[in-house]
Amino acid sequence: MTEDKSNSESLMGRQTTGEDRVRMVTRQLSEPRTANWIASEADWSHEPTKRVLRRLVDDGILHRDESGTHTTYYPDYRRQAMQEAMRLRDSGHTVEELTDRLAEMKAQIRDWEDEFDIESPNQLRGTLVDETLDADEEDRRREIAREWEHLQRRIKIVGFAIREWDFLAPTTGPAEASS
């Protein structure tokens, strides 16, 4: 573990409650996870984690899926995307700056498609079967695949923020009802 990561983890543990850590972990979920996984990531015990997860489900912040062998929890991805789009709108960036960032992200993906002659992160993962790759190159490709998936999600959110720029503008007062 790097010193920076160790310092940030100990800082998170010292300055937050277990419930705060569970909430932080669940806000960052990109796929369904079990209560045990969330408790481990939040460095908190299982039962209190489950209580917080139940509240988050009751409040509509998380969804619970009991269809598999283990119950999993995942965020309302629409809510996450809307909140992130509003943060982008309120961040002080201009729509032109966000448009430039969008172009950069798309260019990065095109570069990976050209470099590896593939069209998706999973196709890149599929290249790991090549026995001529050394461990460093395998690690690099796994990291690129993760970053690629992250950029695909970001492109959707940034694109939404750009398309809905005017709608996402902060309001100065309560909305007036039309009669």
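Q: In which helix is Asp114 found?
A: The model is predicted: local features need pLDDT of at least 70, side-chain atom pairs count only at pLDDT 80 or more, and totals for chains, interfaces and linings use all residues. Residues are numbered from 1 along each chain as its sequence is written, and side-chain values use heavy atoms, leaving out hydrogens and water. Helices (H or I, at least four residues) and strands (E, at least two) are DSSP runs, numbered from the N terminus. The run of residues 95-116 holds Asp114, and that run is helix α6.

Q: Is Asp114 buried or exposed?
A: Buried means under 20% relative accessible area, exposed over 50%, and partly exposed in between (1.4 Å probe, protein chains only). Asp114 has a relative accessible area of 64%, so Asp114 is exposed.

Q: Which residues form a negative surface patch?
A: Patches take residues with over 30% relative accessible area and no salt bridge; like charges are joined within 9 Å, nonpolar side chains (Val, Leu, Ile, Met, Phe, Trp, Tyr) within 5 Å. Lys and Arg count as positive and Asp and Glu as negative, with His and the chain ends not counted. A charge is placed at NZ of Lys, CZ of Arg, CG of Asp or CD of Glu. The negative patch consists of Asp111, Asp114, Asp117 and Glu119.

Q: Which residues does Leu53 contact, leaving aside neighbours within four places in sequence?
A: Leu53 sits in helix α4 (residues 46-58). At 0% relative accessibility, this residue is buried. Contact means heavy atoms within 4.5 Å. On that basis, the partners of Leu53 are Val22, Thr26, Ala35, Ile38, Leu62 and Tyr73.

Q: How many residues apart in sequence are Arg154 and Glu84?
A: A salt bridge is a side-chain nitrogen of Lys or Arg within 4 Å of a carboxyl oxygen of Asp or Glu. Arg154 and Glu84 form one, with their closest N and O atoms 3.0 Å apart. Arg154 is in helix α8 (residues 135-163) and Glu84 in helix α5 (residues 77-90), so the bridge ties together parts whose separation in sequence is 70 residues.

Q: What separates Arg101 and Glu104 along helix α6?
A: These side chains meet in a salt bridge, 3.5 Å from N to O. Arg101 is partly exposed at 38% relative accessibility, and Glu104 is partly exposed at 47%. The two are three residues apart in helix α6, so their separation is about one helical turn.

Q: Which helices hold Arg125 and Glu149?
A: The side chains of Arg125 and Glu149 form a salt bridge, 2.9 Å from N to O. The pair ties together parts 24 residues apart in sequence, because Arg125 and Glu149 lie, in that order, in helix α7 (residues 121-126) and helix α8.

Q: Which side chain of opposite charge is nearest to Arg89?
A: Arg89 belongs to helix α5. Not counting residues up to four places away in sequence, Arg89 touches Trp165, Leu168 and Ala169. Arg89 is buried yet has no salt bridge; at 5.0 Å, the nearest side chain of opposite charge is Asp166.

Q: How many salt bridges does a search of the whole structure find?
A: The protein has eight helices and three strands. Of its 179 residues, 28% count as buried. Across the whole structure, the number of salt bridges found is 14.

Note on methods: Accessible areas come from the Shrake-Rupley method with a 1.4 Å probe; for residues, only the protein chains shown count as cover.
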